[in-house]
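Trainee: I am new to this structure and would like to know how its descriptions are reached. Please set the values against the definitions as we go.

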Amino acid sequence: MALLEGRNLRKTYKLGRKNEVQALRGVAVSIEAGELVALMGPSGSGKSTLMHLLGLLHSPDQNHGPAPELSFGGRDATRMSDGERTRIRAHEMGFVFQQFNLVPTLTAVENVMLAGEYAGLSRREARERAIARLNMVGLAERATHRPSELSGGEQQRVAIARALVNDPALVLADEPTGNLDSRRSAELLGLIRKLNREHGQTFVLVTHDAEVGVACDRIIRMRDGLVRAVELVNDPTPGDVGEAAA
Amino acid sequence: MSLLRNLARRRLRTALTITGITIGIWALVVFGSMANKISSIVAIGSDYYAGKIVVTDKSGGLSGDSPMAIALVDDIAAIDGVAAAVPGVSTLLDPESQDGISMPDMIVGDLPGADQGHRKHPVQVAQGRALAADDAAAHVAVLGSDLARKFGKGVGDTLEIRGMTFEVVGILEPTLTAPDATALVPLAAAQEMFLQDLPPVVRQNVRADQLATDITVYPAEGTDVEALATRIEATVPNASAMTAAEFDKVVGSSVAIFNAIIVGVALISLIVGGLSVINTMAMTVAERTREIGIKRAIGGSRARVIRELVGEAGLIGLLGGLLGLGLGSVVVYLANEAGRSSGTILFQLTPQTAIFAVLFSTILGVVAGIIPAWNAARLDPVAALRYE
């Protein structure tokens with residue numbers, strides 16, 4: 001069974017009284033547990049919006065078309081309360097957002113601990129794990145620095161450590177290599193690959209970067225709010241692949 | 001820890017908000033202490049009048065020291081329902097002093113034993129002894145606590161009052177009210193001093209032992225006190241009979257006005273302090289929209305966001321309350337110390353007032369923080385993340 005399964009996913013944002021943006025116009029997507037998927041497309045193609053829906057941050061629109069379906073680990077996500085979706089985000093998902101989304105008053109290690117505490121870890125446990133994850137991304141010696149004292153790349157790696165702190169089944173990352181130089185970028189891809197292969201963690205990476213795309217199992221290409229193509233780069237889990245819907 | 005760090009982020013704004021609350025709580029503490037003092041004076045007054053009737057000459061008023069003929073004691077004692085009638089003399093310790101604000105130092109002449117055991121709530125003696133029946137002709141005095149301190153006298157010392165020398169035989173427990181500034185002496189001595197005060201025309205026609213300024217009446221068991229007071233006023237010409245109920249009525253209305261002022265101060269500090277906390281927290285939420293979005297996105301629950309912000313608001317209230325209480329106690333202490341020598345003790349800061357003030361401002365902060373926190377918790381995490 002797919003880890004994430006969505007059908008008829010639509011999302012319209014109202015920008016003004018008459019100005020609406022149809023960010024997603026009916027998308028079907030299926031992501032298997034243990035897959036490493038790239039979500040690619042030009043700006044405004046709806047890839048970030050799709051990531052927000054898959055990450056249970058937003059609910060798909062119910063009106064103007066067939067009823068949307070969205071399940072995570074076999075659970076119907078369209079009927080979940082805010083509290084349930086929050087709990088799933090805390091315990092089973094990890095997020096890396098565009099730009100450096102760290103809490104400015106907290107140190108690097110405290111930022112990573114925060115996600116652990118949201119998932120119910122004690123402070124001590126959260127701290128131990130946070131230090132281990134910072135070590136993993138090569139930032140252990142910067143643990144007590146505030147975000148303002150870290151470079152863009154360092155902040156990005158703190159965000160990645162935070163996404164990994166609870167060993168989530170699914171990691172959703174928006175431009176994870178966006179602020180990294182090519183060496184750091186390659187290192188990070190290596191780490192993601194390793195976690196994906198060794199721990200079976202599922203990754204969905206929203207990216208512009210073709211190099212990131214080719215490092216994945218599969219690329220879902222989007223344009224104008226629709227999935228235009230699904231490319232198999234290499235296929236570790238043969239069988240069901242996501243289908244494009246128009 | 002992170003609450004304090006968040007408050008420290010906008011030091012000036014937080015400091016200003018805390019200052020606002022501090023001023024409100026300061027006012028609450030100072031006015032509250034003044035109200036405490038007044039109600040404790042009133043309570044002692046109520047106790048003093050409880051179960052007895054104080055008869056004075058109509059022209060004298062509440063603290064009146066108009067002369068009455070001591071012969072009236074027998075007239076009153078003969079009235080139906082009177083168990084005992086005791087003459088007393090109250091007069092200013094120093095007739096020259098007129099500061100007008102505070103309780104003046106008083107001499108009270110008493111006839112120990114004449115109440116036949118009816119007197120309740122006597123002020124306890126801290127050192128030495130109380131006046132006794134066989135002191136009647138002696139020049140002995142029991143001093144109120146403030147007077148003893150003012151004159152620097154202890155038990156066994158001698159004290160000169162209006163040209164008469166008294167041996168101090170006892171010091172009263174402090175009551176924070178009138179008895180602290182009172183010297184209790186045997187009736188005869190007080191009558192002697194009171195006589196000196198009277199205009200020469202009157203003085204030539206009376207003897208000291210014919211004088212009283214008040215007659216305390218103890219009603220017999222089961223007598224209606226109010227009805228007895230009416231009977232006394234009807235029987236004794238020019239008499240004013242004061243009962244506990246009447247005292248409460250007269251004094252109660254001025255206390256009520258004062259309490260209304262306290263409630264007003266509390267309300268103003270509630271509104272001003274509350275609005276400034278709401279404002280501060282609303283700005284905080286606006287500034288931290290992005291941060292709140294991050295926290296919600298990575299799994300922070302709404303309740304957690306609310307807890308954090310309400311905690312911050314409560315901390316602002318608590319700090320304002322503690323500072324206000326601290327400042328208020330300093331003012332109360334300094335004002336009381338400055339007034340002690342002249343007997344002007346205006347404030348009484350009770351533990352209840354202190355606890356109420358701090359609790360009040362903390363709850364105020366929490367309540368004011370709820371609306372902004374609730375708004376923050378309802379933010380769409382994705383929109384909040386994109387917020388610039």
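Trainee: How many bridges join β1(B) to strand β12 of chain B, and in which sense do they run?

Mentor: This is a predicted model. In it, four bridges join β1(B) to β12 (residues 239–242) of chain B, and the two strands run antiparallel. Two strands count as paired if DSSP finds at least two bridges between them, so these two are a pair. Within this pairing, B:Val54 stands opposite B:Met242.

Trainee: What makes β1(B) and β11 of chain B a pair?

Mentor: The same test of at least two bridges applies. Strand β11 (residues 214–219) of chain B is joined to β1(B) over four bridges, in the antiparallel sense. One of the partners is B:Val217, which is bridged to B:Ile53.

Trainee: Why is strand β1 of chain B called mostly covered?

Mentor: β1(B), residues 53–57, is called that because five of its five residues are buried. B:Ile53, B:Val55 and B:Asp57 point one way, B:Val54 and B:Thr56 point the other way, and all are buried.

Trainee: How many of the 388 residues in chain B are buried, as a percentage?

Mentor: Buried residues make up 41% of chain B. The chain has 12 helices and 12 strands.

Trainee: Why is chain B said to be more spread out than a compact globule?

Mentor: The globule rule gives 21 Å for 388 residues, whereas the radius of gyration of chain B is 30 Å. That value is well over the rule, so chain B is more spread out than a compact globule. Its C-alpha trace spans about 100 × 45 × 35 Å along the principal axes.

Trainee: What confidence does the predictor give to chain B and to the complex?

Mentor: Chain B has a mean pLDDT of 85, and 94% of its residues reach 70 or more. For the complex, the ipTM is 0.89 and the pTM is 0.73.

Trainee: How many residues of chain B are in contact with chain A?

Mentor: On chain B there are 15 such residues, and they are in contact with 19 residues of chain A. Helices α1 (2–9), α9 (289–297) and α12 (381–386) of chain B each give two or more residues to the side that touches chain A. The largest share, four residues, comes from α1(B). By kind, the residues on this side of chain B are six nonpolar, five polar and four charged.

Trainee: Now to chain A. Why is A:Glu175 called buried, and why is A:Asp167 called partly exposed?

Mentor: A residue is buried if 20 or more other C-beta atoms lie within 10 Å of its own, and exposed if 12 or fewer do. A:Glu175 has 20 of them, so A:Glu175 is buried. A:Asp167 has 14 such neighbours, a count in between, and is therefore partly exposed.

Trainee: Where do A:Asp167 and A:Glu175 lie?

Mentor: A:Asp167 is in the loop between α5 (152–164) and β7 (170–174) of chain A. A:Glu175 is in the loop between β7 and α6 (182–199) of chain A. Phi is positive in a residue other than glycine at A:Asp167, near 45°, and likewise at A:Glu175, near 50°.

Trainee: Which residues have the most contacts inside the largest nonpolar core?

Mentor: They are A:Leu39 and A:Val112, in a core of 76 residues. Helix α3 (residues 108–118) of chain A gives the most to this core, with seven residues. A second, separate core has 48 residues, including B:Ile53 and B:Val86.

Terms used. Residues are numbered from 1 along each chain as its sequence is written. Chains are lettered from A and ligands numbered from 1 in the order in which they are written. This is a predicted model: local features need pLDDT of at least 70, side-chain atom pairs count only at pLDDT 80 or more; totals for chains, interfaces and linings use all residues. A nonpolar core is a set of buried Ala, Val, Leu, Ile, Met, Phe, Trp, Tyr and Cys residues joined through C-beta atoms within 7 Å. pLDDT is the predictor's confidence in each residue, from 0 to 100. Two residues are in contact if their C-beta atoms, placed from the backbone, lie within 7 Å. Ala, Val, Leu, Ile, Met, Phe, Trp, Tyr, Cys and Pro count as nonpolar, Asp, Glu, Lys and Arg as charged, and the others, Gly among them, as polar. The radius of gyration is taken over C-alpha atoms; the globule rule is 2.2 Å times the number of residues to the power 0.38.
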